[in-house]
Amino acid sequence: LLQRSDEEGLVEAMRRHDVGYLPYSPLSAGVLSRKYQGLQEAPSGSRLKLFDGYFNRYSMSRGPDAVEGYSELAAEHGLTPSALAIAFCESRPFVTSTIIGATSQAQLEDNLGGFGVEWTDELEAGVQAVLDEYPDPWRMLVRGGEKVVHVPIPANCKVTKVVDTTGAGDGFLGAFAHMVASGRSLEEALPGAVHVADRKST
């Protein structure tokens, strides 16, 4: 749910050549279980604690916002956030199998709850709504930072400078382009997540 770039290009090629696709991290390092929501640092022994700087990068992205959106959707349909994430993977026609991992019985039972879920049009629409808001949340416009990227903007947009604080390069540009293409203003699409400066008519 937080990283769907494979669906454009890679999955198409794999289906064409009859190659199976196995999502190996359906909970995105555990963040889709909400275990990191509201925390100031990653718990000891957690996945985001094992990699230096990983938790800070996540917490400064739009990832937590997207997780909150998916969690609310899950609650509306009587699912846990983890079950929703796994059920989504299982609902994709190109997925051969979904790889899960658990370090406790409770986590295993939570994960198993995502298999066998009836994927409805309402669930699909709900996921799409969150995706439209956060198309690439891991790399979407971090709050604060210094890296300035000049981006070609359509003539009807007044923004002439944006700040990429992710250091994600092309990922940042792709997310930004998606927002412009959606027809919404940058402020509407990414409230509080982007610094806009040097406005002028174009």
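Helices are DSSP runs (H or I) of at least four residues and strands are runs (E) of at least two, numbered from the N terminus. In this predicted model, the elements follow the order α-α-α-α-α-α-α-β-β-α-α-β from the N terminus on.

The table gives values for the protein as a whole.

| Property of the protein | Value |
|---|---|
| Residues that count as buried, of 202 residues | 41% |
| Contacts with a separation of 6 or more that join residues 24 or more positions apart | 66% |
| Accessible surface | about 11100 Å² |
| Part of the accessible surface that belongs to carbon and sulfur atoms | 50% |

Helix H7 covers residues 121-133 and has 13 residues. From its first C-alpha to its last, H7 reaches 19 Å, close to the 18 Å expected at 1.5 Å a residue. The buried residues of H7 are Leu123, Gly126, Val127, Val130 and Leu131. Because these buried residues fall within an arc of 140° when seen down the axis of H7, they line one face of the helix. An α-helix has 3.6 residues a turn, so residues three or four places apart point the same way. The buried residues of H7 pack against helix H4 (63-76) and helix H5 (81-91). Asp121 and Glu122, on the other side of H7, are exposed.

Leu22 lies in the loop between helix H1 (10-16) and helix H2 (47-50). Leu22 counts as partly exposed because its relative accessibility is 41%.

Key
Residues numbered from 1 in each chain as written. Predicted model: local features only at pLDDT ≥ 70, side-chain atom pairs only at ≥ 80, totals over all residues. Heavy atoms only, no water. Buried < 20%, exposed > 50% of the residue type's maximum accessible area, 1.4 Å probe, protein only. Expected span 1.5 Å × (residues − 1). Arc of directions from axis to C-beta. Contact = heavy atoms within 4.5 Å. Areas by Shrake-Rupley, 256 points an atom, 1.4 Å probe, with all protein chains shown as cover.
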